[in-house]
Amino acid sequence: MHFTDAKSILSGKNGYCGMNIYRGCTHGCIYCDSRSTCYQFTHPFEDVEVKQNAPELLEKVLKSKRKTCVIGTGAMSDPYMHCEKELQLTRRCLEIILKYGFGAAIQTKSDLILRDIDLLTEINRTAKCVVQITLTTYDDDLCKILEPNVCNTKRRIEVLSILQEKGIPTIVWLTPILPFINDTKENISAILNECVRTGVKGVIDFGMGLTLREGDREYYYAALDKFFPGMKERYIKQYGNSYELPSPNSKELKKLFQNICMDNGLLSTPDDCFKFLQELPEKYKQLSLFDL
């Protein structure tokens, strides 16, 4: 990793702000879209760029903000990758979010988030905190191939259960679904049944497939050659150089997804899930003269 002094830390609009403390990742997920050249990384993806002044920048911004909002992190790079264990920049940023009464929406695959459950609980009590966990395969042996340097699916499900016990709402990202690899009814139903059991608020799905762009396509195909011999050729024959690669089973899987979510009251569209993530409710209603 290498350290930089960032010039800014928050971006966003309509009352929702995004924050990336790190750029790059060490989880090693074979399908990671953040490797794409369109994101203009000037360093190798595994050489994580650390915004060492992130807490100071965040405090300066939040101190001057007139209206609170939800601050999201993890969309580009996991805020709980390995270096966070020692650096604790994410934790320091959460302390500042709590200090100034803002909400937090955190996306991760790591159980390191449980280290900060004290802060997450307090933020949720005083404003709002939502944790988003990615689940792609119920098979932990397959998980070790797809997401080799992070905790497995069963452990992430345990994290969901612990968060539920603390009253912290959760969203699951059921993405990507890789054609010919994890695109089965058994896999989708197993994950969704665990979402129901652990009280997940909603599930984000972008169409039962994956996307490939320059940069992540090459990395993904190299992984296919290593772990699934002959699969790259099957992809090329089926999809050519397409950006969107829907599963051949997408229609059937989407119906299964919608039925389970509808039957159990889970938010099931990206729009509904994002709306829930971004809304910051007023915790305390002001008294009017009629209440006195």
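**Exercise 1. How many nonpolar, polar and charged residues does the lining of the largest pocket have?**

Solution. The model is a predicted one, in which local features need pLDDT of at least 70 and side-chain atom pairs count only at pLDDT 80 or more, while totals for chains, interfaces and linings use all residues. Residues are numbered from 1 along each chain as its sequence is written, and side-chain values use heavy atoms, with hydrogens and water left out.

Step 1. On a 1 Å grid over the protein atoms alone, a pocket is an open set of points with protein on both sides within 12 Å along at least five of seven lines, a cavity is a set where a 1.4 Å probe fits but cannot get out, and lining residues have an atom within 4 Å of a point. A volume is the space filled by probe spheres set on the points, which are joined across faces, edges and corners.

Step 2. Describe the pocket. The largest pocket holds about 1,300 Å³ of space. Its lining comprises 49 residues, and D33, A75, Q107, W173 and F206 lie nearest the centre. Elements that each supply at least two lining residues include β7 (103–108), β8 (129–134) and α11 (270–278); helices (H or I, at least four residues) and strands (E, at least two) are DSSP runs numbered from the N terminus.

Step 3. Sort by class. Ala, Val, Leu, Ile, Met, Phe, Trp, Tyr, Cys and Pro count as nonpolar, Asp, Glu, Lys and Arg as charged, and the others, Gly among them, as polar. The lining has 20 nonpolar, 22 polar and seven charged residues.

**Exercise 2. State which residues line the largest cavity.**

Solution. Step 1. The count comes to one cavity of 30 Å³ or more, and the largest cavity contains about 30 Å³ of space.

Step 1. Its lining consists of M19, I71, T73, T90, C93, L94, I97, A104, A105 and I106. Two or more of these residues come from each of β6, α3 and β7, with α3 giving the largest share, four residues.

Step 2. By class, eight lining residues of this cavity are nonpolar, two are polar and none is charged.

**Exercise 3. Describe how α1 packs against α3.**

Solution. Step 1. Helix α1 (residues 54–64) and helix α3 (residues 89–99) make an angle of about 15 degrees, and their axes are 9 Å apart. Axes are lines fitted to C-alpha atoms, for helices over the stretch in contact, and angles run from 0 to 180 degrees between N-to-C directions.

Step 1. The angle therefore makes α1 roughly parallel to α3, a term for angles under 35 degrees.

Step 2. In the contact (heavy atoms within 4.5 Å), A54, P55, E56, L58, E59 and L62 of α1 meet L89, R92, C93, I96, I97 and K99 of α3. These contact residues divide into eight nonpolar, no polar and four charged.

**Exercise 4. Describe how α7 packs against α10.**

Solution. Step 1. Helix α7 (residues 185–197) and helix α10 (residues 250–264) pack at about 15 degrees, with axes 10 Å apart. The two helices are therefore roughly parallel to each other.

Step 1. On the α7 side the contact is made by K185, I188, S189, L192, N193 and V196, and on the α10 side by E252, L253, L256, F257, I260 and N264. Seven of the contact residues are nonpolar, three polar and two charged.

**Exercise 5. Locate the cis peptide bond that involves P176.**

Solution. Step 1. The cis bond joins T175 and P176, with omega about 0 degrees.

Step 1. P176 is found in the loop between β9 (170–173) and α7.

Conventions
Parallel < 35°, antiparallel > 145°, perpendicular 65-115°, else oblique.
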